Amino acid sequence: MNKNIIFAFVKKEFKQIIRDFSSILIAFILPLILLFLFGFGINFDTNTVKIGIVIEDSSIDSRDFIQSMLNTKYLDCIFVKNKTEASKLLSGGIIRGYAVIPVNFTAEYKKNKRINSPSSGANIQIITDGSEPNTAKFVSSYIQGAVQSYFEYQKYEKPSIKLSSNINPVQRVWYNPALKSSYFILPGSLAIIMTMTGTILTALVIAREWERGTMEAILTTEITKGEFLVSKYIAYFILGVLSILFCLFFIIFIFRVPFRGSYIMLFAVSSLFMLTSIGTGLFVSTVAKDQFIASQMAGTIGFMPSMMLSGLIYEIDSMPFLIKILSSVIPAKYYVSSISALFLSGTVFKTIFISCLYLFLFSAAAFFLNYIFTKERIE
């Protein structure tokens, strides 16, 4: 390959990028918008749920127990007159569930039995809306947590009364002790953002050359297919890396997502993923030869598989077998696993090495296809 020709065409690409402000918008403004959408618009944390409390026993013991629910930061409690009114509020979506303190609560409690025991003791009833399974689980877990807190309080106040078993489980959360979904979503969203950015950026490149008539002029020069593709790759790879650095700055320093891995590994896996996205976009641009069609194809090929099959939103292990196989050919899957490991748990060499290997194969295959389908003459 002639280095002078490649350098000249890379210089031409950068001049086109500077003159065409849409490239800057796609490389920097679009990722910024998507980052804010993922950072503030998508959140799997249910910090507070609104529940109702139906009091059928207004004794001192029941009020102490109710106070344990009022003291937790995860429950926003309102008092409801009866079950009928609570059911109406639940069906109307005003509350996410309700707890019923039955009339025999005090009498059963004084037997020194455990609250909510499946066999005997003072029972409370928890009603949740099963139309939203995750929220229903949160409601049930938070109320049960309030029950456990009440146990601990009673053990401290009344050590002579045995209210719980001798086994006390102690939970410890690794990698994301704050249980913030943004710590996983924001790094993982880089896969979608970089897929969209890299694919859309390059999907318009060759199609634009054909539409503007500059491709005919390029074909009259001495440049080969390999030199033509390499010059495109170099120019948009540099722009893509700048876009990645721009996004990482916002994720680490603005959104305060902790980074525990190696920056070298981060650059390596991000570079390979960017090469894959660029190759996909160039292939779309080569096949389409029309900017509108190319942009639509790039959005469909880039966004939907990355969102649905990368493991960012939906757990891959829970997918049907055929969908799992399909997800294995989605480059974003390997990037999500690597970047999540780098941010949350550090440099997991095996995971990152396997991801880099697959991404290298994908990028090589994309370059090979681009080389085959790029035309050297006007038909």
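Before I look at any sheet, a note to myself: I call two strands paired if DSSP finds at least two bridges between them. I also keep in mind that this is a predicted model.

**Entry 1: the overall count**

I started with the secondary structure, and the chain comes to 15 helices and four strands. I then looked up burial: of the 379 residues, 46% count as buried. For contacts with a separation of 6 or more, I found that 79% are between residues 24 or more positions apart.

**Entry 2: the sheet**

In what order do the four strands lie in the sheet? I read the order as β2-β1-β3-β4, in an open sheet with mixed pairing. At the edges I found β2 (75–80) and β4 (125–128), each of which pairs on one side only. Direction ignored, neighbouring strands are turned by 25 degrees against each other on average.

Next I went through the pairs one by one. β1 (residues 49–55) pairs with β2 in the parallel sense, over six bridges. As an example I picked G52, whose bridge partner in β2 is I78. β1 and β3 also run parallel, joined by five bridges, and here I noted I53 with its partner A99 in β3. β3 and β4 are antiparallel, with four bridges between them; G97 has T128 in β4 as its bridge partner.

**Entry 3: what covers β3**

Is β3 mostly covered or mostly open? I found it mostly covered, with five of its five residues buried. G97, A99 and I101 are buried on one side, and Y98 and V100 are buried on the other, so I wrote down that both faces are covered.

**Entry 4: E56**

I clicked on E56 and found it in the loop between β1 and α3. E56 has 35% relative accessibility and therefore counts as partly exposed. Beyond its neighbours within four places in sequence, E56 is in contact with K83, V100, I101, P102 and V103. I also checked E56 against F105: they are 49 residues apart along the chain, and their C-alpha atoms are separated by 8.6 Å.

**Entry 5: the nonpolar cores**

Which residues touch the most other members of the largest nonpolar core? My list reads F38, Y236 and F343, in a core of 76 residues. The largest share of this core, 13 residues, comes from helix α10 (residues 225–254). Apart from this core I found another, of 19 residues, including A99, A146, V147 and F151.

I looked at F343 again for its contacts. Not counting residues up to four places away in sequence, F343 touches P187, L248, I251, I252, V257, P258, F259 and R260.

**Entry 6: two helix pairs**

For the helices I wanted two values, since packed helices are described by the angle between their axes and the distance between the axes.

First I took helix α2 (residues 21–41) with α10: they pack at an angle of about 25 degrees, and their axes are 10 Å apart. The two are therefore roughly parallel, the cut-off for that being under 35 degrees. α2 passes α10 in a right-handed crossing. On the α2 side of the contact I listed S23, A27, F28, P31, L32, L35 and F36; they meet L239, L242, S243, F246, C247, F250 and I251 in α10.

Then I took α11 (263–288) with helix α14 (residues 331–344): their axes come within 10 Å and cross at roughly 165 degrees. That makes α11 roughly antiparallel to α14. The crossing of α11 past α14 is left-handed. From α11, M265, L266, V269, S270, F273 and T276 meet P331, A332, Y335, S338, I339 and L342 in α14.

**Entry 7: R256**

My last stop was R256, in the loop between α10 and α11. R256 is not a glycine, yet I read a positive phi of about 60 degrees there. Is R256 buried or exposed? R256 is exposed, because its relative accessible area is 60% and the cut-off for exposed is over 50%.

Terms used. Residues numbered from 1 in each chain as written. Predicted model: local features only at pLDDT ≥ 70, side-chain atom pairs only at ≥ 80, totals over all residues. Heavy atoms only, no water. Core = buried A, V, L, I, M, F, W, Y, C linked by side-chain atoms within 4.5 Å. Buried < 20%, exposed > 50% of the residue type's maximum accessible area, 1.4 Å probe, protein only. Contact = heavy atoms within 4.5 Å. Axes fitted to C-alpha atoms, helices over the stretch in contact; angles between N-to-C directions. Parallel < 35°, antiparallel > 145°, perpendicular 65-115°, else oblique. Left-handed = near helix turned anticlockwise from the far one by under 90°.
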